[in-house]
Amino acid sequence: MPRLNLKWCLDNSISSQVTTPVTAQDLASALITALESNTVSPVSASSDVTFDILLAEDNLVNQKLAVKILEKYGHQVEIAENGSLAVDAYKARVAQGKPFDVILMDVSMPFMGGMEATELIRSFEMHRGIPAVPIIALTAHAMIGDRERCLQAGMDDHITKPLRRGDLLNSINKAGERGKGHYLLRRAPAIANLPHYT
């Protein structure tokens, strides 16, 4: 049986695949993923705005794929292998005065999942009186109700895996726009130091 090449699939807009025999749940998940990916607008990535991103993901393949996509567009990425490490990394960055611009949070991770980690981060922000960092949920299946559960836990957006370049970048850009008042203002001094040509 020939193996699918992930890069070829992504380049040709193949959003999911199923193997036979297929269960109703797997087929429904693949169809939802395919239909959702066709409704996403084209990537509207601004090349002059980059973000400092925390990726909370335990799967090595997903880590590599996300990092490759994000670094290609100039974003800085730090990886946490579970929710507990993500909360620690977030708190450490806040203590250093360099909070993350966006957090990509896998929902299902060992030791502590993304929902619990998000609730701890939101509680920390509330007690400290600091602005909420945009948190984007990463889920393995596009099941009905996933988005609502993620939003209830305090997440700002939701994308499904396997990660697709367009979905990932659009979600990050949308989150960055929401956080523009706080997060992009931090970057103003660096932009102000650029040479001006007239």
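Q: In what order do the elements of the protein chain run from the N terminus on?
A: They run α-α-β-α-β-α-β-α-β-α-β-α-α-α, which comes to nine helices and five strands. Helices (H or I, at least four residues) and strands (E, at least two) are DSSP runs, numbered from the N terminus. This is a predicted model, in which local features need pLDDT of at least 70, side-chain atom pairs count only at pLDDT 80 or more, and totals for chains, interfaces and linings use all residues. Residues are numbered from 1 along each chain as its sequence is written, and side-chain values use heavy atoms, with hydrogens and water left out.

Q: Why does Thr139 count as buried?
A: Buried means under 20% relative accessible area, exposed over 50%, partly exposed in between (1.4 Å probe, protein chains only). Thr139 has 6% relative accessibility, so Thr139 counts as buried. Thr139 lies in strand β4, residues 135-139.

Q: What makes a polar contact with the side chain of Thr139?
A: The side chain of His158 does, at 3.0 Å. A polar contact is a pair of N or O atoms within 3.5 Å; within protein, one must be able to donate a hydrogen and the other to accept it, and residues adjacent in sequence count only if both atoms are side-chain atoms.
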